[in-house]
Amino acid sequence: MKCMRCGKDSYRSTTTEAIEMDCGLLVIRKIPCYKCRECDEIFYTGDVALRIENIMKNVKQLMQEVIIVDYEKVA
């Protein structure tokens, strides 16, 4: 897969994302992604982006201030 930012090659990896929400901070670990070898830009497939949105909706009901989830366990 080519980087959408610089056009160089990217590789499969995982990342951690911290998302500031109205009800607190959500940290999602081990998210599958593509990382650019040149500029370190991170890209998600459409499927992964939808799963992240679903995780955000589901934890909104449970969140108090900070919640940390493992993508592989909740996706």
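**Notebook: a predicted protein chain**

I counted 2 helices and 4 strands in the protein chain. Helices (H or I, at least four residues) and strands (E, at least two) are DSSP runs, numbered from the N terminus. This is a predicted model, where local features need pLDDT of at least 70, side-chain atom pairs count only at pLDDT 80 or more, and totals for chains, interfaces and linings use all residues. Residues are numbered from 1 along each chain as its sequence is written, and side-chain values use heavy atoms, with hydrogens and water left out.

**Overall layout**

I read the order of elements from the N terminus as β-β-β-α-β-α. I noted a span of about 40 × 20 × 15 Å for the C-alpha trace along its principal axes. I looked up burial next: 31% of the 75 residues count as buried. Buried means under 20% relative accessible area, exposed over 50%, and partly exposed in between (1.4 Å probe, protein chains only).

I then took contacts (heavy atoms within 4.5 Å). Of those between residues at least 6 apart in sequence, 51% join residues at least 24 apart.

**Cysteines**

I searched for disulfides, meaning pairs of cysteine sulfur atoms within 2.5 Å, and the structure holds 0. Cys6 is in no disulfide either, and its nearest cysteine sulfur, in Cys36, is 3.5 Å away. I compared the cover of the two: Cys3 is buried at 5% relative accessibility, while Cys6 is partly exposed at 34%.

I found Asp70 in strand S4, which covers residues 66–70. Is Asp70 buried or exposed? Its relative accessible area is 11%, so Asp70 counts as buried. Setting aside neighbours within four places in sequence, I found Asp70 in contact with Arg29 and Lys30.

I followed Lys30 from there. Lys30 sits in strand S2 (residues 24–36) and is partly exposed, with 34% relative accessibility. Its phi is near 60°, a positive value in a residue other than glycine.

**Asp40**

I also noted a positive phi at Asp40, near 65°, again in a residue other than glycine. Where does Asp40 lie? Asp40 is in the loop between S2 and strand S3 (42–43). With a relative accessible area of 55%, Asp40 is exposed.
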